[in-house]
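Dear colleague,

I am passing on the structure below, together with some notes on what was found in it. Please read them alongside the coordinates when you have a moment.

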Amino acid sequence: MKQVVQNYKSGELALLDVPVPGCKPGGVLVRSAYSLISTGTELMKVSEAGMSMVGKARSRPDQVAKVMQSVATNGVPATYRKVMGKLDSYTPLGYSLCGVVEEVGAGVDDVKAGDLVACAGNEHALHAELNWVPKNLYAPVPDGLAPRHAAFGTVGSIAMQGVRQGESRLGEVALVIGLGLIGQLVVQLLTASGVRVVGVDPDPVRCELAERLGAAACGDPASAAVEATVAELTGGHGVDQVYLAAGGGSNEPVELAARLCRDRGRVVDIGKCRLDLPWNAYYEKELDVRFSRSYGPGRYDPEYELEGRDYPIGYVRWTERRNLACFLDLLARGSVDVEPLVSHVADFGDAVETYRSLKDGELKAVAVLFRYPERAGETAAPVVAVPAVAVPTASRKPSPVRAARTPVRLAFVGAGNYATSMLLPHLARRDGVELATVVTTTALSAANAQRKFGFAGATTDLDAVLGDKSVDAVFVVTRHSSHAELTRRALLAGKSVFVEKPLALTEDELAGVLAAVEESGNDRLQVGFNRRFAPLLQEAKKRFGARTGPASLRYLVNAGRLQHGSWYLRQGTEGSRFAGEGGHFIDTASWLLEADPVSVYAVAASGNEDLQVVLRYPDGSTATISYVTTGAPGFPKETLDVLADGKVLRLDDFVRASVHGPGKWVSSRLPKARDKGQSAQLAAFVKAVRSGGPMPVPLESLVATTAATLAVRAGLAGGAPVTLAGAR
């Protein structure tokens with residue numbers, strides 16, 4: 001299928017061939033009929049992409065701050081790879097469309113195939129022939145409403161949420177600053193609510209349009225006529241509300257709002273304009289400044305948008321889906337008219353040229369629609385859900401040795417940040433490796449990975465990859481909640497499997513993986529515990545030498561706080577942070593101490609995710625892992641000490657290491673990079689797949705580390721040490 005994409009690094013716009021998205025549970029697959037170009041938001045992104053790197057940095061200082069923090073935590077090389085990987089990727093455009101339901105996912109019962117729906121979301125209502133849309137981001141289109149009008153649903157919801165934030169009342173007077181697409185819709189919604197509206201915009205054509213759509217008067221912001229009109233309509237008191245629907249770097253909209261607003265009036269920011277509030281003006285009138293967050297309550301909440309968990313109507317009357325449905329109803333009843341806003345309708349095949357014309361100013365428009373072919377040639381491949389199976393208790397059988405093949409053909413399931421910055425760059429340039437297929441749930445991420453790393457194919461159909469006998473190994477690099485099930489399926493398909501940590505989030509998931517090993521006789525499994533492969537740590541362990549007595553190991557992990565909205569915070573589905581990351585540190589400790597833990601004791605600080613985990617080993621050695629989220633962001637992320645037999649091993653964040661004892665060894669003060677072992681681990685895995693030899697880490701060790709990680713949760717709940725089953 002075709003999709004409009006942009007490379008943020010080069011500014012290139014393209015109509016790209018990408019795989020058809022699968023129809024996942026909890027949503028519907030929608031074939032686009034019309035999608036709307038947001039001439040404000042989207043053109044701002046297009047313009048930013050055309051800037052120099054310095055210009056991009058100046059336009060997004062928030063992102064620059066994140067980059068600098070990443071440099072402090074991960075080092076320059078890793079940060080550079082990550083940033084360049086994100087910049088040099090195709091990103092989608094679009095967030096408002098209308099289309100026909102092609103397929104209905106499990107758990108959806110309010111629409112059926114063939115129904116017309118309006119869709120929202122900058123990840124789900126894209127300029128693409130097909131989109132998978134979760135339940136709370138679509139709404140059925142009322143009978144009789146034209147699809148081209150229903151495509152305005154998302155931007156209408158944005159305008160509606162802004163009006164709701166203003167709490168307008170019958171008979172009040174409002175000022176709308178900025179009469180672009182959102183501003184024109186705000187004018188109509190206010191007028192329909194019985195509010196008299198004054199509009200402000202430097203473009204006389206837009207002012208005339210707003211007056212035709214119900215504004216009492218409109219004019220240039222510098223015109224004295226605007227102030228005179230406000231004085232006449234309000235008896236000299238000033239408007240009750242001001243809606244900032246303008247963009248740009250000027251502070252004039254904020255200053256004009258203060259000048260024309262009444263005492264204790266409301267100022268609502270809907271657009272993205274400069275907000276240097278003149279303190280005296282806003283203080284003296286005690287103005288109420290409010291922000292309108294996109295489509296309404298539910299926006300940016302993954303449990304609402306992705307998992308379909310609605311807010312009770314008694315507590316949240318107007319969610320983003322209810323706003324969407326309400327705006328469609330207003331359109332259907334003729335209370336709002338969007339046809340006068342349509343400046344141009346372009347065939348989807350002309351998308352790139354349309355954006356170019358808008359950017360260059362050749363096409364001056366309030367709203368532009370893409371019109372899609374009635375039926376594209378391809379059809380979506382359904383995704384078949386795998387039912388849960390009972391997990392038998394059985395011992396593992398030896399796995400058969402597979403014939404060696406050169407080159408080793410690899411398939412990736414998932415192509416997120418970690419896969420594209422830490423795994424694929426090493427594999428793409430490795431001799432004897434062929435990247436066969438990349439599988440993702442979103443079409444564009446598969447296409448990006450195929451373009452950047454040279455995969456022979458890209459798809460959203462996992463079954464086709466698992467059934468491909470030419471694929472030697474499958475990499476599972478998806479979100480944590482899917483690791484165990486995907487690993488189980490790949491093992492049953494006879495593939496060697498590399499799964500990023502964690503292997504499992506529950507004891508049942510771990511048992512399911514082991515049952516797959518038992519059923520298939522295939523134990524060709526590696527978990528992404530890469531730190532034991534780090535060259536600096538391996539050298540330090542060698543210098544430390546053998547020990548005769550028990551050791552004391554201390555591992556401080558300065559994990560830091562997560563950004564709001566991170567999927568790591570979704571503990572209900574993705575597990576705790578330690579469940580996701582803790583295996584790294586337990587595996588490292590067990591490798592250094594050359595044994596698997598026999599018990600786990602964990603305590604947590606109140607009110608945050610800080611943990612102290614104490615592991616006990618068969619020879620009396622102990623490992624204490626301090627997993628801290630409240631430390632200083634500039635402090636190194638990982639520091640480790642091992643003390644035994646009068647010797648001390650010290651590791652400072654994979655940058656420096658030292659061993660103190662009868663002699664002293666200190667690593668170079670000028671390390672090339674912070675190498676945490678990903679490249680060496682991948683080399684060992686590929687070698688094992690090619691030769692049929694043992695996996696880099698024995699299955700028993702992988703299981704023991706996973707069991708110890710899971711035991712942390714049980715230890716926290718019980719407040720006592722947890723003895724690990726099968727501990728040796």
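**Sheet, cysteines and cavities**

Tyrosine 243 stands opposite valine 268, a residue of β14. Please keep in mind that this is a predicted model. The strands concerned are β12 (residues 239-244) and β14 (residues 261-269), which run parallel and are joined by five bridges. Both belong to an open sheet of six strands with parallel pairing, whose order is β11-β10-β9-β12-β14-β16. At its edges lie β11 (217-219) and β16 (288-291), each of which pairs on one side only, and from one strand to the next the twist averages 20°.

As for the cysteines, the count of disulfides comes to zero. Cysteine 261 is buried, its relative accessible area being 1%, and cysteine 273 also counts as buried, at 9% relative accessibility.

Two helices, α22 (577-593) and α24 (699-718), each supply at least two residues of the lining of the second largest cavity, and the largest share, three residues, comes from α22. Sorted by class, this lining has five nonpolar, four polar and one charged residues.

With best regards

Key:
Residues numbered from 1 in each chain as written. Predicted model: local features only at pLDDT ≥ 70, side-chain atom pairs only at ≥ 80, totals over all residues. Heavy atoms only, no water. Helix = DSSP H or I, 4+ residues; strand = E, 2+ residues; numbered from the N terminus. Nonpolar A, V, L, I, M, F, W, Y, C, P; charged D, E, K, R; others polar. Disulfide = S-S within 2.5 Å. Buried < 20%, exposed > 50% of the residue type's maximum accessible area, 1.4 Å probe, protein only. Pairing = 2+ DSSP bridges. Axes fitted to C-alpha atoms, helices over the stretch in contact; angles between N-to-C directions.
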